[in-house]
Structure formats: C-alpha cells, structure tokens
Amino acid sequence: MKIPETGMDRDTLLARLDEYRQGDMPWRNGRVWGYVFHPGDEIEAVIKQAYSMFLSENALDPTVFKSAARFENEVVSMAANHLSGDGEVVGNFTSGGTESIILAVKTARDHARAHRPEITRPKLLLPVTGHAAFHKAGHYLGVEVVTTPVDSATFKADVSAMAAAIDENTILLVGSAVSYAHCVVDPIADIAALAKERGLLCHVDACMGGFMLPYFRRLGCDIPDFDFSVPGVTSMSMDLHKYAFAAKGASVILHRNADLRRHQIYTCARWSGYTVVNATVQSSKSVGPMAACWAVMNHIGDQGYLDIARSLLDGTRRLVAGIDAIDGLQVLATPEMNLLAFTSDAVNVFHIIDEMKELGWYIQPQLGYGDSRANIHLSVNPNNLPHIDEFLADLARCTESARSLQSSEAITNLKQMLAAMGDAPALPTGQVQKLMAAAGIQDGKLPERMADINELLDALPPAVQEALVSEFINQLFRQPGA
Ligand SMILES: *Cc1c(COP(=O)(O)O)cnc(C)c1O
C-alpha cells in the first residue's frame, strides 16, 4: 500500500472510516461483557468534546502547556483523596494500568539501587492472580517476578507463602484490589505489614478496583482495607479508563510521598537536543486523555458515581444468583465488585462461549491456571444492565446445548500428542506453525467458533501457549503488499 496520490475528501474519508468499523464487535448493543467501559451516550459526548478540545496540545512540556499540569495535578489529587491519601501522597497521570505498573516496578528497582546497592538481581513477589503487567514490567526492567500461591477457594493471596518467599534480593510485594480474573481483594493489610516489617516496598494494584471499591463500601459491602489508609502501602495504581469511565489512555500511579516518587522520574541531558525530563514512560503525548478524564470525573461527580455503583452492585448480585442457579454452572470465589468468573465441572465452558456468540453475546474465556480451572469472565457495565434477564435465559439455554458438543477429533489428537511430549518448555517455530494450522488458524485469521483453539491453549504449557500467540500476532500484523 502507498500513500494515495491525492488526498481523499472529508465525506469519502468518513464513509471509509465507517466501513472499517463494520468488522468490530458491536458493543453498543449491551451484549458485550468487557473491553468497553461505557457510561452512556450523553456522558460519552462530553468526554469526546473535552478530548478533542485538547487533542493537539502536548503534555511533553507542562511548563509550556500549563493546562496539562493542571489537569494532571487535579486528577491525581482526586484519585489520592479517593484512596485515603494524605497531603504527602503524590502521583502522575499515565496511559493505562500497564504504564502505571511499569512505573511502580521501576520506582522499586531504582529505590533498591539507591538504598540497597548490594542487590544485583532484584525480585518482586506477585500472587499468581496478579496481573500479567507485572510480568511484563519485570521483563522490561530486569526484575525477576516470583509468583506465590493463592487460597484455592477464595483466590486471595496466601501471605504466609509470601513471607516464606522473601529473600535477600526481594524488593517489592504486590497485592491486588481487585484481581482481574476473580474480582477479589487480597489481604492488603497483611501484605503491607509484612513489607513494612521486612523493610520492603508494597504496591497495591487497584487498576480495576480502586475507583469503584470505595463506592461499594459506602453501599454497605464489606470491603477489606486496601488503600493508603493501610500502613506499609507505598504505591498504588488505579485505572480511570475502567470504572471511572474516562476515555482510554487514563490511569494514575500514586506514591506514599515525593521521596519515593523521585525514583520514578527519568531525566537525560546527554544528547544535543532538549533536556528530557519525564515522570512517565511516554514523552510527547496528547493532553486530550487528561482533559477528557478531568471532564468525566467532574461531570459524573461523586453522587453520580455512587448511583452507577448502586446499579452495578444490584446487577452483579442478580448475575451471581442467576448463574449459580443454572444447572452445571458455578461462580468462582465471591466477587467483591462488579466483575465475576464462573465455571462448570459438567460442560466445556469454551463451547458455552461459542453458543453464546451465536446469539450475539461476547463473554471472555479465561484459561486454567494454578487452582483456577478454565472459566468465563464478565465485566459488568451500565449498558449490560438492561439485558441481564435475557442474558441469564440465553446462558441457561447455551449451557444445555453445549453439553452435547464434543471436542473435534483434531483437538483430541493434538492433546494426546501434547500429553506424550510432556512439559516441553518451547517448540521450534516450524512446529508452532503446524500446531496453529491444525487448530484452524490461518494467515492471522481465527475461526468463528473458538472452542477448539481455547481447549488446545488450555492444554498447553504456558511457554508453548506464549509461543503460539506470539506467532499468531506475528502473522496478524502482516502489512498489505505494494
Ligand atoms: C486492566 C488491569 C491492568 C492493566 O491495565 P491496562 O490499562 O490494560 O494496561 C492491571 N491490573 C489489573 C487488576 C487490571 O484489571
């Protein structure tokens, strides 16, 4: 493909853009349980307007674009107050949970370099239910991630196992509030007390839960302490592009005080251009996401968020009760917010997902890991709420129809082949490509029904799963020819 010889006019262009959208999941219909956090059309219009007003301003230099520093400081201040921060808590606006977590891990690494220089191979401890972003951060930053077990019924971190895993190279303990997969709050008070006692930093990943948990507590839910009210918590991440409903590209990283945050900041005066001083990973960046985030928080307001939380809580309770009442299905753990996971010991959940897809529902597969068997994840959003009864009725029907569906012969054979291979840590690329072809993946395209592929992935050791999805992405991003 080449840049077109002459530019397209606006109308043609807009029509083309619309055409490109046709293949996207139609999330506006309320039948998609994830990906998009949508507060309603009226609020969305306000977000869009704020975003586009500041689209072109550059937050690279907040002394030139003073609005950037103002939006950022005010959003961070609202976030810190929301999480029981005192006047000492400082933070920054980032592009998302992953960036916030990378910065938390960088801060811990550089804090250790300054205060414990004898450590050359730093480690962080992460309950197995902790988000993959910590593995990614460790991978990028040269910090080893040591995973620790969780309770097999509650899916909450086992703090005594964390205590036992601490060694002379440990720099950081992590807990989640809530965990993405099962929506539970780790015993943060115990993790933070352990960190404090051993002179370690403690990060609370409140990317998913930080914003809504305080509202759920105000509505009477028994939410364990998880924020800066807990002694020993040294940093927190909270995404605003999830349940604060900001446009994507909105999260915060918060630190107990500015002394700790110093280790987050990167500076460079060793080149011939402008002196670089970045508090976050990105350098040039639009003020749009900050302005839109500031706008949505001020537009919805505390009472508005409380009202949203009330309806999400009510909807989640109806879902949990409704799913548990379906023969063959069980909700995993006890969700402490408005996300949930359910599984089945009688029916292949991947077939349930395919059956639901035929009826226009998108629900997310979660592969088995540790004590968590393969299951289905729902993130509940305001636009799902009017569809709960219909969803439950369809789910009951699809669970029945999935009962009689069998794994394909190819998958059964592949699984036998894999079982015979044992725990091969990695496969040569040629083998991976063969495996993909056998599973029905060709040229970066996936089949309509995904049960076979999910079942195959679920049976593979993590290293082979990773090789397979990496190869898939390497195929997907093949650019159109000349
Ligand atoms: C979503 C999420 C993240 C990662 O956030 P991104 O915005 O997708 O980068 C990290 N932790 C938890 C618990 C999450 O739910």
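Student: Which helix does I473 lie in?
Tutor: I473 lies in helix α16, which spans residues 462-476; helices here are DSSP runs of H or I with at least four residues, numbered from the N terminus. This is a predicted model, in which local features need pLDDT of at least 70 and side-chain atom pairs count only at pLDDT 80 or more, while totals for chains, interfaces and linings use all residues. Residues are numbered from 1 along each chain as its sequence is written, and side-chain values use heavy atoms, with hydrogens and water left out.

Student: And how exposed is I473?
Tutor: I473 is partly exposed, with a relative accessible area of 40%, where buried means under 20%, exposed over 50% and partly exposed in between (1.4 Å probe, protein chains only).

Student: Switching to the ligand, how many residues surround it?
Tutor: The ligand is surrounded by 13 residues, and the closest are G97, T98, D205, H241 and K242; a residue counts if one of its heavy atoms lies within 4 Å.

Student: Which helix gives the most to that shell?
Tutor: That is helix α4, residues 97-115, which contributes three residues to the shell around the ligand.

Student: What does D205 do there, in terms of atoms?
Tutor: D205 places a polar side-chain atom 2.7 Å from a nitrogen atom of the ligand, where a polar contact is a pair of N or O atoms within 3.5 Å.

Student: And where are H241 and K242 relative to ligand oxygen?
Tutor: For H241, a polar side-chain atom lies 2.8 Å from an oxygen atom of the ligand, and for K242 the corresponding distance to an oxygen atom is 3.1 Å.

Student: How much of the ligand does the protein cover?
Tutor: Of the 380 Å² of accessible area that the ligand has on its own, the protein covers 84%, with areas taken from the Shrake-Rupley method and a 1.4 Å probe.

Definitions and conventions:
Helices (H or I, at least four residues) and strands (E, at least two) are DSSP runs, numbered from the N terminus. A polar contact is a pair of N or O atoms within 3.5 Å; within protein, one must be able to donate a hydrogen and the other to accept it, and residues adjacent in sequence count only if both atoms are side-chain atoms.
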